[in-house]
Amino acid sequence: MKERPSFPATGAIAPRAQTVRAKSGVKSTTTSPLVQKPGPQQGYSPIQAAGEWAVAHQRRLMDRLQADPHVDPRVVQAMGRIPRHQFVDSALAAQAYEDTSLPIGLGQTISKPSIVARMLSLMLTKGPQPLGRVLEIGSGCGYQATVMSQLAKEVYSIERLKQLHEKARSNVRTLLVRNLHLILGDGMLGFPSGAPYDVIVSAAGGDLIPDAWLAQLAVGGCIIAPTVVNDGSGRAPSQALVVLEKSLSGVKKSVFEPVQFVPLKSGVA
Ligand code: SAH
């Protein structure tokens with residue numbers, strides 16, 4: 001049997017796995033009006049260092065999320081620690097604390113904050129507590145994976161597009177994240193080296209939930225994935241948030257609200 005990586009794991013767990021060993025401080029770029037020079041290294045909060053503008057806008061967004069009965073307060077706390085504006089292009093930074101999805105390149109988008117909050121609230125309420133290893137399919141710019149790193153012991157996040165995988169790595173490098181492993185690969189196959197997972201969250205929607213995900217899920221764990229569902233009404237099939245809970249007696253499927261995620265695709269590009 002393969003030896004499990006120690007915590008925090010190193011990049012040695014698989015040829016393409018990358019552990020992000022972040023350094024203190026924020027990007028020192030001056031291209032974004034929101035980003036200031038690196039602050040003190042001890043007890044350093046990137047969002048506070050980003051300046052009053054970001055803090056005020058983020059606070060307003062967090063208040064809105066907090067008011068949503070479907071959002072777990074622990075998720076709001078975690079999101080409040082992560083500077084979303086650092087994950088998007090500097091030209092879009094001013095919109096980072098609006099409840100909207102934003103382009104991250106290659107036709108992909110960072111999910112809107114309320115959907116991140118919803119998915120991760122499901123992760124906390126449906127998954128076992130405390131959360132050990134979790135897997136995200138679709139790192140994109142790395143934002144949701146970074147929020148997940150505040151809520152689980154160890155996070156694996158896999159992305160099929162090399163350019164986005166590299167973008168996520170560079171976005172995360174400047175933050176204090178030691179339990180996040182960014183992987184380049186086809187997430188349709190899951191990521192067996194980190195399995196079993198307490199939770200698998202997909203940020204891309206497929207026609208079906210791949211068998212590999214269920215196989216890599218721990219008993220007592222759950223999968224949260226936008227998936228095409230046919231409600232039998234004769235209307236065209238559409239995407240909804242689907243949760244699969246795995247127990248010793250089998251798998252329970254629940255279908256939640258309609259959603260619109262980018263497609264789950266196979267292969268690495
Ligand atoms: N969680 C991301 C959202 C990214 S959008 C964020 O916070 O930014 C969904 C991502 O899923 C896209 O980057 C897309 O390339 C990726 N994706 C789609 N199919 C995939 C697959 N089979 N394996 C890994 N990533 C996949």
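Author: A pocket is an open set of grid points where a 1.4 Å probe fits, with protein on both sides within 12 Å along at least five of seven lines. Its volume is the space filled by probe spheres set on those points. Please note that this is a predicted model.

Reader: How much space lies in the second largest pocket, and which residues line that pocket?

Author: Rolling a probe the size of a water molecule over the atoms shows where empty space is left. In this model, the second largest pocket holds about 250 Å³. Its lining includes Ser101, Thr109, Ser111, Lys112, Ser114 and Ile115, and also Ala203, Pro258, Val259, Gln260, Phe261 and Val262. By class, six of these lining residues are nonpolar, five are polar and one is charged.

Reader: What is the volume of the largest pocket, and which residues are closest to its centre?

Author: The volume of the largest pocket is about 400 Å³. It is lined by 30 residues, of which Gln108, Gly138, Glu159, Ala203 and Val262 are the closest to the centre. Ala203 and Val262 also belong to the lining of the second largest pocket.

Reader: Which helices and strands supply the lining of the largest pocket, and how do its residues divide by class?

Author: At least two residues each come from β3 (108-110), β4 (133-137), α5 (143-148) and β5 (154-159). The largest share, three residues, is that of β3. The lining comprises 15 nonpolar, ten polar and five charged residues.

Reader: Where is the ligand, and which residues of its surroundings are closest?

Author: The ligand takes up the space of the largest pocket. Around the ligand stand 25 residues, with Glu136, Glu159, Asp186, Gly187 and Lys265 the closest. This shell has twelve nonpolar, eight polar and five charged residues. β3, α5 and β5 each give at least two residues to the shell, and β3 gives the most, three.

Note on methods: Residues numbered from 1 in each chain as written. Predicted model: local features only at pLDDT ≥ 70, side-chain atom pairs only at ≥ 80, totals over all residues. Heavy atoms only, no water. 1 Å grid on protein atoms, 1.4 Å probe; cavity = no way out; pocket = protein on both sides within 12 Å on 5 of 7 lines; lining within 4 Å. Helix = DSSP H or I, 4+ residues; strand = E, 2+ residues; numbered from the N terminus. Nonpolar A, V, L, I, M, F, W, Y, C, P; charged D, E, K, R; others polar. Near = heavy atom within 4 Å. Sits in = over half its atoms within 2 Å of the grid points.
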